[in-house]
Amino acid sequence: MLKLSKTSKLDGIMSWSLQALETCPGSIGKDGKLVDACSGCYATTGNYRFDNVKAPRLHNRDDWKRDNFVSDFVAALENQRYFRFFDSGDMYSVSLAEKILEICKQATWVKFWIPTRMYKFAKFRKVLSELQALPNVNVRFSSDSVTGEYEKGFHGSVIIPSADQAAPDMKVCEAYQHGGKCNGCRSCYDKEIPVIAYPAHGKSMMKVIKIKLAS
């Protein structure tokens with residue numbers, strides 16, 4: 001059975017997610033440790049620690065493998081106009097990524113936002129390229145940095161220590177000026193906006209940034 005999520009930040013926009021870190025191979029750096037951006041991952045704190053929040057994410061790890069997953073998903077999107085894949089987790093399997101591609105191809109009336117770090121692995125690059133080529137899909141490659149470093153023309157999102165540290169070509173997420181909610185903003189879905197900068201928030205992330213800046 002399909003299990004979608006609704007997070008308060010997204011103004012009622014639905015998402016489909018997996019458990020953070022354990023489905024995020026891109027969160028591990030070359031040194032075998034979590035990259036900076038994942039060290040303070042919001043999806044391992046707060047409400048994400050509750051069993052009722054974990055349950056659908058754990059369920060989804062097996063559910064996507066069934067034969068009618070794509071058709072059920074497309075049917076569930078009938079009344080949706082925006083959709084986010086992965087408010088936690090990532091497309092850790094090429095087979096999963098291919099099913100997401102098929103969903104996006106069929107649900108042409110929906111604008112999709114897909115943040116990911118799977119670009120780090122060569123076997124995912126073909127399907128990611130096909131996803132990004134779809135007019136209704138915006139795949140944002142996440143930078144590992146928490147201090148604003150990103151590869152121009154490649155990364156689509158990055159964490160910055162504070163809003164005033166954004167580069168000129170960045171669109172700063174304003175959610176935390178609106179009680180942590182998108183407040184009608186749909187910039188993350190917009191292909192015309194190259195980079196979204198997310199000002200750091202939460203004790204875990206601020207601790208990571210403090211250590212990084214001190215090193």
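Here is a short walk through the structure above, from its overall build to its cysteines. This is a predicted model, in which local features need pLDDT of at least 70 and side-chain atom pairs count only at pLDDT 80 or more, while totals for chains, interfaces and linings use all residues. Residues are numbered from 1 along each chain as its sequence is written, and side-chain values use heavy atoms, leaving out hydrogens and water.

Let's start with the build. The chain has six helices and eight strands, where helices (H or I, at least four residues) and strands (E, at least two) are DSSP runs numbered from the N terminus. Read from the N terminus on, their order is β-β-α-α-α-β-α-β-α-β-β-β-β-α.

Now for the overall size. The C-alpha trace spans about 50 × 35 × 35 Å along its principal axes. The radius of gyration, taken over C-alpha atoms, is compared with a globule rule of 2.2 Å times the number of residues to the power 0.38. For 215 residues, a compact globule would come out near 17 Å, and the chain agrees with its 17 Å. Of the 215 residues, 50% are buried; buried means under 20% relative accessible area, exposed over 50%, and partly exposed in between (1.4 Å probe, protein chains only).

Cys-185 is partly exposed, at 36% relative accessibility. The structure holds zero disulfides. Cys-104 is in none either, with the nearest cysteine sulfur, that of Cys-188, 16 Å away. Cys-104 is buried, with a relative accessible area of 1%.

Notes: A disulfide is a pair of cysteine sulfur atoms within 2.5 Å.
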